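I opened this model to go through its strands, its core and its aromatic contacts. My entries are below, in the order I looked things up.

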Amino acid sequence: QVQLVESGGGLVQAGGSLRLSCVASGRTFSMYPMGWFRQAPGKEREFVAAINWSGSNTNYADSVKGRFTISRDNAKNTVYLQMNSLKPEDTAVYYCAKARSWIATAQNEYDYWGQGTQVTVSS
């Protein structure tokens, strides 16, 4: 059993930055890859980024590559998503999740989900 709690969302103007955090508990955190998804109003939940157990491998959706950075601090059981150069299209609820693989991009390849944190980017 894994519990995930996201934080760090908020309202920001286009071009600004936010840093999301996801704290995990309940099971050995360091041995699992982790990922971020997002869901905008009226749209399907989509893959954003993923990271392997050590942090040495990452994977990003094309839409965020070069702007977002996923990282982790296993000593703190925490995964981060640094979001720079934010666009209105980035507005969504952002979820962290435990992945079966760091290259997984589909929802059914993730086992546990947090409740999400709202990110709103104004123009």
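Predicted model: local features only at pLDDT ≥ 70, side-chain atom pairs only at ≥ 80, totals over all residues.

Entry 1: An open sheet of 4 strands runs in the order 1-3-8-7, and its pairing is antiparallel. Strand 1 (3-7) and strand 7 (68-73) are at the edges; each has a single partner strand, so one side of each lacks a neighbour in the sheet. From one strand to the next the twist averages 15 degrees. I then checked the link between strand 1 and strand 3 (residues 18-25): the two run antiparallel and are joined by 5 bridges. For a reference point I took S7, whose bridge partner in strand 3 is S21.

**Entry 2: strand 5 and its partners.** Which strands pair with strand 5? On one count, strand 4 (residues 34-39) pairs with strand 5 in the antiparallel sense over 5 bridges. I found M34 bridged to I51 of strand 5. The hairpin of these two strands has 6 residues between them, and G42 in this hairpin takes a positive phi near 75 degrees. Strand 5 also pairs with strand 6 (residues 58-60), again in the antiparallel sense, over 3 bridges. Here A49 stands opposite Y60 of strand 6. This hairpin has 6 residues between its strands, and G55 in the turn has a positive phi of about 90 degrees. I also looked up the burial of strand 5 (residues 46-51): 5 of its 6 residues are buried, and I put the strand down as mostly covered.

**Entry 3: the nonpolar core.** In general, nonpolar side chains of soluble globular proteins tend to be buried together. Here I asked which residues have the most contacts inside the largest nonpolar core. That core has 34 residues, and the answer is W36, L81, M83 and Y94. At least two residues of this core come from each of strand 3, strand 4, strand 5, strand 7, strand 8, strand 9 and strand 11 (117-122). Setting aside neighbours within four places in sequence, Y94 is in contact with residues including W36, L81 and M83. Its other contacts include E6, L20, F37, R38, V48, F68 and V119.

**Entry 4: D90.** Is D90 buried or exposed? I located D90 in the loop between strand 8 (78-83) and strand 9 (92-99). D90 counts as buried because its relative accessibility is 1%, and the cut-off for buried is under 20%. Beyond four places in sequence, D90 is in contact with R38, R67, F68, S85, V119 and V121.

**Entry 5: aromatic pairs.** How many aromatic pairs does the structure hold? I have 5 on record. For F37 and Y110 the ring centres are 4.8 Å apart and the planes stand at 80 degrees, so this pair is edge-to-face. It links distant parts of the chain, with F37 in strand 4 and Y110 in strand 10 (residues 110-113), 73 residues apart. F37 and Y110 are both buried. Y95 and W113 also form an edge-to-face pair, at 6.5 Å centre to centre and 80 degrees between the planes. Y95 is in strand 9 and W113 in strand 10, 18 residues apart, and this pair too links distant parts of the chain. Y95 counts as buried because its relative accessibility is 12%, whereas W113, at 25%, counts as partly exposed. Ring pairs join F37, F47, Y95, Y110 and W113 into a cluster.

**Entry 6: charges over rings.** I looked next at arginines over rings. The charged end of R19 sits over the ring of Y80, 3.9 Å from the ring centre. R45 lies over the face of Y95, at 3.8 Å from the ring centre. I placed R45 in the loop between strand 4 and strand 5. Not counting residues up to four places away in sequence, R45 touches F37, R38, Q39, Y95, Q107 and W113. Among these, F37, Y95 and W113 are members of the ring cluster.

Technical notes:
Residues numbered from 1 in each chain as written. Heavy atoms only, no water. Buried < 20%, exposed > 50% of the residue type's maximum accessible area, 1.4 Å probe, protein only. Pairing = 2+ DSSP bridges. Contact = heavy atoms within 4.5 Å. Axes fitted to C-alpha atoms, helices over the stretch in contact; angles between N-to-C directions. Core = buried A, V, L, I, M, F, W, Y, C linked by side-chain atoms within 4.5 Å. Phe/Tyr/Trp six-rings, centres within 6.5 Å; stacked < 30°, edge-to-face > 60°. Lys NZ or Arg CZ within 6 Å of the ring centre and 35° of its normal.
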